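Biologist: I'm new to reading protein models. Could you walk me through this one?

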Amino acid sequence: MASAHGADPDAKDAAETEEAIYEEVKPCNRMELSQQLAVEELITTEASYVHNIQLCVSDIRAHLQKKQLPDLDLDGLFSNTDDILHVSRRFLKGLEATAAQEHEQLLCISALFQEFKEEMETVYKIYCASYEHALLLVESYRKDPRLQEEILETLNATVPHTGASDLSFFLVMPVQRVTKYPLLLGKILENTPTSASAYPALQAAVRAMTQVNANINEYKRRREVATKYNKAEHLTLRDRFARLNTHSIAKKTTRLSRLFMHEAGIVAKMEDREYDDLEEKFQCVVSSVAALKENVASYLGGGPHPGLRTCFLGWACLGGSHGDLGSLALQKRRLDRLVCQPLCSLSDMLVGPQQLVKKRLDKLLDYEEIQERKSEMGSVTYDEEAAMNTYLAINALLVAELPQFNQVALQLLGEILCSFSALQQDLAAQVLQQAQKELEQMPHGRMPLPSFWKMVEDTLQQSGAQLRTFCQTFETVAPSPVTQPLNPAEERKVLSLVSKHGPDKLYQVTSNISGSKDLDLTLQRGQIVALLQSADTKGNTSRWLVDAGGPRGFVPAGKLQPYCPVQSQQPGMQMPALERLPPSFPCLSQVVAGFSFAARSPQEVSLQAGQPVVVLEPHDKKGSKEWSLVDVNGRRGYVPSSYLVTVPLQKPMGWSLPV
């Protein structure tokens, strides 16, 4: 009995030990089972997802394409689902291959996510950014009974087992899938012991996919900001005034004052070399497209670019038959289809980025102002913080996408130029063929080539000798060239510039200037400007600061030439070329008025441009040489010395000096 009683405690201890071991092993088995289920869920849901995307691309979209519905925007609906399907297929293949790696499966899954994270971010961020637009399209199609009926018919014919009532059932799948990856990985991680070798790798995979989703959300936010600001608005003057309020006026005033301080060098401008280089390349693309568009339009319309119309003019001069004229019309149609239309499309593509670049400058000025206030006060308001984030979003988006945009735009521009060159070669070949037919009928058409070139050379030499003789004869009798007089409005503008800056600072625009940067001026050929500074604020001597008689700004130095003062003539007066009056000239010298001058006081005397005067004193009563005392037809008074020019006293051969 004693022994029996003694055995009972030992059996009880053994049973408790066995139960404790079982309780200890059971949670481990449960965790391992949950881990396996989580891995299976990842693989099976990925296979189902790929199958649904395959249905969306190959069945639903293909069926809608066959219907050829003009009001259905398939690109806007399905975006880049082809790219998503391509990446997801490869990713699924990799997931299924990890099943063969029994003990290393979790490490392989973690490595697979690390391998595909960049590709996933690239394709999903594009899709997620355009997802809202796709939903708007679906909503608009619901309001169109005809389109809605066609869409439902497609869904019933291709995917009846899904019970989908509209396209949004499939369109939301990529958005849901990319956000579920961190959750599925997190579930696997929860059921993995911290001591397991795959635990750190799974942690890294969870962080990577969480970061992918964060990057997608940030990209989507940037795209929303860009969509808000990159639309070109065509507002009337009344609409612009209606938008004015105290807040907008204060904001624009602050920006303008900040911009002036930048250009004056009072406040340092925030520099971003990477962005500045990208913007410079973008502006180069914009100006190149604009110039090519203008030249092609002139080429087709018979504008002022004879070099571009050589082939067309050559064809016309040959006097081709009706068939030839038909070929010329065909050539113009090909040029319109292969050059003009793509060029106009490229020009339209540039509008959005141009608006965004301009808006970035506005937001940069706001950002600098807020940053300065933040450094002084230590904090900013919620609206100011939002304005700073808007600038950062626009800047980051431009830095990220301008390189690709510039590359694509340059590629398109290059293809357009190649098409234009190929068309010109075809046209030149046709013209040459027609010219050869015409040359065969000419008297010298069958002359040997050396004899023909010898005849041409002799003819050119003879014509050159005649031209030189004519020029020599003309120079002996022709007067010095006289510039055409200015119209009254332009003359008043030139007088204003001379009074402010002096005649030595006057320059004339040699060709049209289209301002592409901030503070650049847009000027027409022939306009008169005054030079203020022969360099911009960065010391670039190829951009000059000028006064255009009101607006001031920068223009290319290569499109300016010193202005020779325009001389107005009185009836019957022939004036030789004039020279500037030296600062000191002898009294009673024969001079004339280079510009018209209106007296503003009894001590002054009025002048007409080209009117002869007699200089009595080359200074005023205080000795200042800026004013001269003159006699004009018996009237005495002071006039600005800079308005007087000398006339050569010798008489040109064959001409008499005006009296």
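**Reading a helix**

Modeller: Let's start with helix 3, residues 81-97: its 17 residues reach 24 Å from the first C-alpha to the last, close to the 24 Å expected at 1.5 Å a residue. That expected span is 1.5 Å times one less than the number of residues. Helices here are DSSP runs of H or I with at least four residues, strands are E runs of at least two, and both are numbered from the N terminus.

Biologist: Where do the numbers come from?

Modeller: This is a predicted model, so local features need pLDDT of at least 70 and side-chain atom pairs count only at pLDDT 80 or more, while totals for chains, interfaces and linings use all residues. Residues are numbered from 1 along each chain as its sequence is written, and side-chain values use heavy atoms, leaving out hydrogens and water.

Biologist: Which residues are buried in helix 3?

Modeller: First, the general idea: an α-helix has 3.6 residues a turn, so residues three or four places apart point the same way. Buried means under 20% relative accessible area, exposed over 50%, and partly exposed in between, using a 1.4 Å probe and protein chains only. In helix 3 the buried ones are T81, I84, L85, V87, S88, F91, L92, G94 and L95.

Biologist: Is N52 buried or exposed?

Modeller: N52 is buried, at a relative accessible area of 15%. It sits in helix 1, residues 2-67. Leaving aside residues up to four places away in sequence, N52 touches F170 and M173, where contact means heavy atoms within 4.5 Å.
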